[in-house]
Amino acid sequence: MKKDPDLEAALSRNRRWIVNNQIKNIILRCPNQVVPLEHLQKKFKTLDLQGKALNWLKKYPCFFEIYLENDEYHCRLTKRMIHLVEEEELVKDMQEPVFVQKLAKLLMMSVNQRLNVTKLNELKHSFGFPDDYIIRILPKHPEMFRLVNNGWRKSSMEIELLAWNPDLAVSAVEASAQKQGIEPCFSCSLPSTWIKSWQRFEEFNAIPYISPFLNPRGLEEGSKEMEKRIVGLVHELLSLTLWKKLSIVKLSHFKREFALPEKLNVLLLKHPGIFYVSNKYQIYTVLLREAYNGSELVDKNPLVIVKNKFGDLMQEGLHEYNQRRRVVNLEKKRKCMNLIKPERRKVASSETSNQDDNGDTLGGLGRLFDPEERKRFYKVLFDER
């Protein structure tokens, strides 16, 4: 797939934020919300980071506060970060009804109205769910959800939907079509110059839309109708996420639950007008094209707005760090130049004195190397004879 600079920029902007958000969560889970740097260093491999934790944390002084205690470095969140964490918690409390609807929709799209908790935990942050979403949501809605564990292992724990809500069985595509008073169909976000891609999109769009909430058992595997249903399902899953993007690898873990094909990435690449597939950071990610205007999200969830504040604070700290480094480097350069100048003066004066010494030793004979001087010398010599 041809690279889209704006969407690639959106992915790279999120990368640093994701890492720092994970570090933030590690700190919040520690006693007194303080973590020894030695402990954080051990966690760096799980964050796909290399190098020293101290060097990384110093880049974000508005995020993390580092101090020395008993000859050991410790890290905690800054006061500004703590205020943002509190604001994020308030937004999560307000968003609880939205979490309930999202969880119900995910279960309604699954084949058996069940989802494995371990697998769902891999995508919980993508959907905006809090870490304690099971404890926070399930006990309050026993009429809708229940926790099932037939294997008596933690990895076999599942969330089951108890009540089907027809009001929630409306996809983002269908909701948009209802507002416009048209038949449900996908929108294409490609330039008009992509003629062949547009032709393929129009052919695909001519097939009647199949709701992702429809049970796929009646559809033939490999058929156009099944492909239409899978595209609609991935579209709806992306619509439920905060940044309208998902890791294809993590999404593929739900092949059985959502009846996804073995080569999901190949299917997604066939629809460049609807999805954008990137391999940035060697992680295959699918984005919903229509959700972005350039590199910015069109509709921002309240949680995204708060998380963007984290990003702004992170960039502020990084800018401050880079400015300090620049000043230090300029100072080092100035000191080096001051050390080099006296050395150059010594070398220059030494060369001058050597030239003077050579001139005195020759006793003026050095002028004989000049052609004009040589002519005058021989003229005088022969005239005297």
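This is a predicted model: local features need pLDDT of at least 70, side-chain atom pairs count only at pLDDT 80 or more; totals for chains, interfaces and linings use all residues.
Local features need pLDDT of at least 70 and side-chain atom pairs count only at pLDDT 80 or more, while totals for chains, interfaces and linings use all residues. Residues are numbered from 1 along each chain as its sequence is written, and side-chain values use heavy atoms, with hydrogens and water left out.

Rings of Phe, Tyr and Trp (its six-membered ring) pair if their centres lie within 6.5 Å; planes under 30 degrees apart count as stacked, over 60 as edge-to-face and the rest as tilted. The count comes to 10 aromatic pairs. In one of them, Phe63 and Phe64, the ring centres are 5.3 Å apart and the planes stand at 80°, so this pair is edge-to-face. Phe63 and Phe64 are both buried (under 20% relative accessible area, with a 1.4 Å probe and protein chains only). The rings of Phe127 and Phe129 have centres 6.0 Å apart and planes at 35°, so that pair is tilted; Phe127 and Phe129 are buried. Ring pairs join Phe127 and Phe129 with Phe99 and Tyr133 in a cluster.

A charge sits over a ring if NZ of Lys or CZ of Arg is within 6 Å of the ring centre and within 35 degrees of the ring normal. Arg76 has its charged end over the ring of Tyr67, 4.3 Å from the centre, and Lys228 has its charged end over the ring of Phe204, at 4.5 Å.

Helices (H or I, at least four residues) are DSSP runs, numbered from the N terminus. Among the buried residues of helix 5 are Phe99, Leu103 and Met109.

A pocket is an open set of points on a 1 Å grid over the protein atoms alone, where a 1.4 Å probe fits, with protein on both sides within 12 Å along at least five of seven lines; lining residues have an atom within 4 Å of a point. A volume is the space filled by probe spheres set on the points.

| Pocket | Volume | Lining |
|---|---|---|
| Largest | About 1,400 Å³ | 46 residues |

Ile18, Asn21, Gln22, His125 and Lys250 lie nearest the centre of the largest pocket. Helix 1 supplies the largest share of its lining, 12 residues.

Methods:
Buried means under 20% relative accessible area, exposed over 50%, partly exposed in between (1.4 Å probe, protein chains only). Helices (H or I, at least four residues) and strands (E, at least two) are DSSP runs, numbered from the N terminus.
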